[in-house]
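Visitor: Please take a close look at one part of this protein with me: its inside. I would like to see how the pieces pack there.

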Amino acid sequence: MAHRKTFKLLCGFAGGSAVLVFAAAAADSRGYFGEQRSGEPAAGRWSSFAVLRAAQPAWTPASHTPAPTGHAWDFNWDKRDPSLLSNGKSKKESATEGPGSEQDNGKPKATRNILLIRHSQYNLSGNSDKERILTPLGREQAELTGQRLAALGLKYDVFIHSSMSRATETANIINKHLAGPGVELVSCDLLREGAPIEPVPPVTHWKPDAVQYHEDGARIEAAFRRYIHRADPRQKEDSYEIIVCHANVIRYFVCRALQFPPEGWLRIGLNNGSITWLTIRPSGRVALRTLGDSGFMPPDKLTRT
């Protein structure tokens, strides 16, 4: 009876962890952890809890916070941290300036929302880029993506697309659904599809030459630096920007923006016409609001080609 009461008491205090501790203590008293200690006083036997406590988490506010692993977040990842852009002034000079100083005016104040759209399904059998136009299903997907972007009710400030045919056609269809006259479409060669970096782990079905990684990787990295960064200090209001490009480019952008290993880009899958939403705060913090969202499409319209 005494053992039962003790067992219930321990469970009441510590739940499932107490069950493990009590069972271990009982086993220890019977010699399962070493020699038989039948003549040892109870206090000596229960001193075994010192070892058991070492294996249990210490539930205090200080130790409950998990220790960070990997590299610390680099707030100057886009080389636009205002605290590191003193325009040649010393730290002492910057510290003595008032809130209306040039340094304060140089701090970003707006949030950038970047919506990365993967192009719709296209003709895979085309021999050239001009022949790799959208399929009938691809045009339907672009219409659905345009309707979704319009339904969000946002004011889009920038609309950029890859210069490749399938991205250009997707952007033109989407633009028809935006409120008012829409935004000016800007074509960019840096956003063309390519091989950003050799993936880890490697795959057997796709093995570009080292030269392609070298050339495409530099171009796609240049696109990342041009388009993915915190707002300019002169930007007063939050912005919503659309970039229509390609799966490899988007996946690489996401890994870079979140400071994940970029070699993992090929582990991410994106449907045609899907929406990936990155938010970049003035502080340099980055959040991934959606990744490859295509839930606005009927299941029979979903493809990844």
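Guide: Start with one term: two residues are in contact when their heavy atoms lie within 4.5 Å. Keep in mind that this is a predicted model.

First, the whole chain. The protein has 11 helices and six strands. Of its 305 residues, 39% count as buried. Take the contacts with a separation of 6 or more: 72% of them join residues 24 or more positions apart.

Now go to helix α9, residues 165-175. The buried ones are Ser165, Arg166, Ala167, Thr170, Ala171, Ile173, Ile174 and Asn175. What do they pack against? Their partners are β1 (112-118), α8 (136-151), β2 (158-162), β3 and β4.

Two of these residues deserve a second look. Arginine 166 lies over the face of tyrosine 122, at 4.1 Å from the ring centre. Ala167 belongs to a nonpolar core of 16 residues, which also includes Leu178, Ile242 and Phe296.

That core lies apart from another one, the largest nonpolar core, with 28 residues. In soluble globular proteins, nonpolar side chains tend to be buried together. Here, Leu116, Leu191, Tyr227, Ile228, Ile243, Phe253 and Val286 touch the most other members of the largest core. β1, α10, β4 (239-245), α11 and β5 each supply at least two of its residues. Helix α11 gives the most, with eight.

Pick out leucine 191 from that list. Leave aside its neighbours within four places in sequence. Leucine 191 is then in contact with Ile160, His161, Ser162, Arg219, Ala223, Tyr227, Ile243, Cys245, His246, Val249 and Phe253.

Phe253 leads on to the rings. Trp77, Phe224 and Phe253 form one aromatic cluster. The protein has six aromatic pairs in its count. One is tryptophan 77 with phenylalanine 224: the centres are 6.2 Å apart, the planes are at 45 degrees, and the pair is tilted. This pair links distant parts of the chain. Tryptophan 77 is in the loop between α5 (61-64) and α6 (91-96), while phenylalanine 224 is in helix α10 (residues 210-227), 147 residues apart. Both tryptophan 77 and phenylalanine 224 are buried.

Another pair joins tryptophan 206 and tryptophan 265. Their ring centres are 5.8 Å apart and their planes are at 85 degrees, so this pair is edge-to-face. Tryptophan 206 sits in the loop between β3 (185-188) and α10, and tryptophan 265 in the loop between α11 and β5 (275-280), so the pair ties together parts 59 residues apart in sequence. Tryptophan 265 is buried, at 0% relative accessible area. Tryptophan 206 counts as partly exposed, at 28% relative accessibility.

Tryptophan 265 also touches arginine 251. Arginine 251 is found in helix α11 (residues 247-257). Set aside residues up to four places away in sequence, and arginine 251 touches Trp265, Leu266, Ile268, Gly269 and Leu270. Does this buried arginine have a partner of opposite charge, or none? Arginine 251 has no salt bridge. Glutamate 193, the nearest side chain of opposite charge, is 5.7 Å away. A salt bridge needs a side-chain nitrogen of Lys or Arg within 4 Å of a carboxyl oxygen of Asp or Glu.

One more arginine to finish. Arginine 289 lies over the face of tryptophan 277, at 4.0 Å from the ring centre.

How values were computed:
Residues numbered from 1 in each chain as written. Predicted model: local features only at pLDDT ≥ 70, side-chain atom pairs only at ≥ 80, totals over all residues. Heavy atoms only, no water. Helix = DSSP H or I, 4+ residues; strand = E, 2+ residues; numbered from the N terminus. Buried < 20%, exposed > 50% of the residue type's maximum accessible area, 1.4 Å probe, protein only. Lys, Arg positive; Asp, Glu negative; His and termini not counted. Phe/Tyr/Trp six-rings, centres within 6.5 Å; stacked < 30°, edge-to-face > 60°. Lys NZ or Arg CZ within 6 Å of the ring centre and 35° of its normal. Core = buried A, V, L, I, M, F, W, Y, C linked by side-chain atoms within 4.5 Å.
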